[in-house]
Amino acid sequence: MFTLFRHRAYRRLFAAQVIALLGTGLATVALSLLAYDLAGARAGSVLGTALAIKMIAFVALAPLISAQAHRLPRRVLLVGADVIRAAVALALPFVTQVWQVYLLIFVLQAASASFTPAFQSVIPELLPEEREYTRALSLASLTYDLESLVSPALAGALLTVVGYHQLFFGTTLGFLASATLVVSVALPSPARTVVPGGVLTRATHGMRLFWRVPRLRALLALNLAVACGGAVVFVNTVVYVRDQLHRSAADVPFALGAYGAGSMTAALLLPPVLERLRERTVLLGGGFAITALFLPLAALTCGPPGSWKWPALLATWAALGAACAVVNAPAGRLIRAATAPEHRADAFAAQFSLSHSCWLLSYPLAGWLGATAGLPAALAALGAPALLAAVTAARLWPAGSRVRPPREAVAAPVG
């Protein structure tokens, strides 16, 4: 996997991604402390609203930005997004009102909604060989998981010597370093077909690509399964650890770490697996595994108390992390194979927007329903659509469909 770093352009872009992710992780910790300073006991509602704003920005703006992205060279788009994010991070320590936090978060996430799909669309052009691109996807998945573990630890270490406001300055430096690395790389500039019509027509082009290609429709369904399984972990881990198992707050990171460990393990093992098995087998296997894991989770939730529950929770979380990674990591392969290079940016923007719309649905179900009706009701409300999504994906993705190599790929159905 690490032989990828022989490619100078990829090596620098990967470093830019890692540095920006670390900066984002520092900002996440600092933002929670800032929210507490501004709102006290209402900090949770402030953070919840900020997360909702993030998802809305991702869902609504990524396709719109992609529709206008042809007007700018990709390097200008990526660097501009990093500079905007750096400016927002630099401004956050000086806010004094909650509404200012919301406004700056919206601007920050709008910049991320332009950066991430454009960045994802560049990598398959830098690494045209499928084996290398598969390894790059697994490495990206591994990087996100490591960031979720390393950033909180780094933030905790820094907070022993500086105040939380200085973490925002670290975030600013991270985004500026990312922009510098992007500037140093010559990015490929494939001809991009401008879809005729207005902004709305161009903005929905990627979504229409998803609808026309059977395996991309299946990927959309699997995004929902991932969101249902992941929402249980990210929203309700603290409820399981503190209320269900009556363990200390210090055990919450261990439970989340189990999810990350499972995801990292799957990311490391996926490249050789994808060389032997078809994408359909792997991704549908991940989708059905997510659904199946709701059964031990229900037993954990409703079963009698006992010392068995803590290791059972860690094992279930690790398995969920692995199953979600099995779906997420190879998604780029499907998009690359199913779309022509000139349509790829729109397709990645659509995947970015549509996958986050699934999270926008699953987060409230996991949080609000769990708080009002209890965890069993939340599990049922998430498990049912996860199962429906996996079954739908299997029906939408024909078993005999063939994945064409990128040079033959088109934006029309191939299955």
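Predicted model: local features only at pLDDT ≥ 70, side-chain atom pairs only at ≥ 80, totals over all residues.
The bend at a residue is the angle between two axes, one fitted to the seven residues ending there and one to the seven starting there. At Leu270 the helix has a kink of about 45°, shortly before the proline Pro271. Helix 10 covers residues 251-276, 26 residues in total, and its first and last C-alpha atoms lie 38 Å apart, close to the 38 Å expected at 1.5 Å a residue.

Next, the nonpolar packing. The largest nonpolar core holds 83 residues, and those touching the most other members are Ile123, Leu313 and Trp317. Helix 9, residues 214-244, supplies the largest share of this core, with 14 residues.

Let me look at Trp317 in particular. Setting aside neighbours within four places in sequence, Trp317 is in contact with Val232, Val233, Thr237 and Tyr240, with Ala255, Leu256, Ala258 and Tyr259, and with Leu297.

Finally, confidence. The protein chain has an average pLDDT of 81, and 86% of the residues score at least 70. In residues 195-199, however, the pLDDT is below 50, and this stretch makes 10 contacts in the model beyond near neighbours in sequence. Residues 403-415 also have a pLDDT below 50; here the model shows 31 contacts beyond near neighbours in sequence.

Note on methods:
Residues numbered from 1 in each chain as written. Heavy atoms only, no water. Core = buried A, V, L, I, M, F, W, Y, C linked by side-chain atoms within 4.5 Å. Buried < 20%, exposed > 50% of the residue type's maximum accessible area, 1.4 Å probe, protein only. Helix = DSSP H or I, 4+ residues; strand = E, 2+ residues; numbered from the N terminus. Contact = heavy atoms within 4.5 Å. pLDDT = per-residue confidence, 0-100. Expected span 1.5 Å × (residues − 1).
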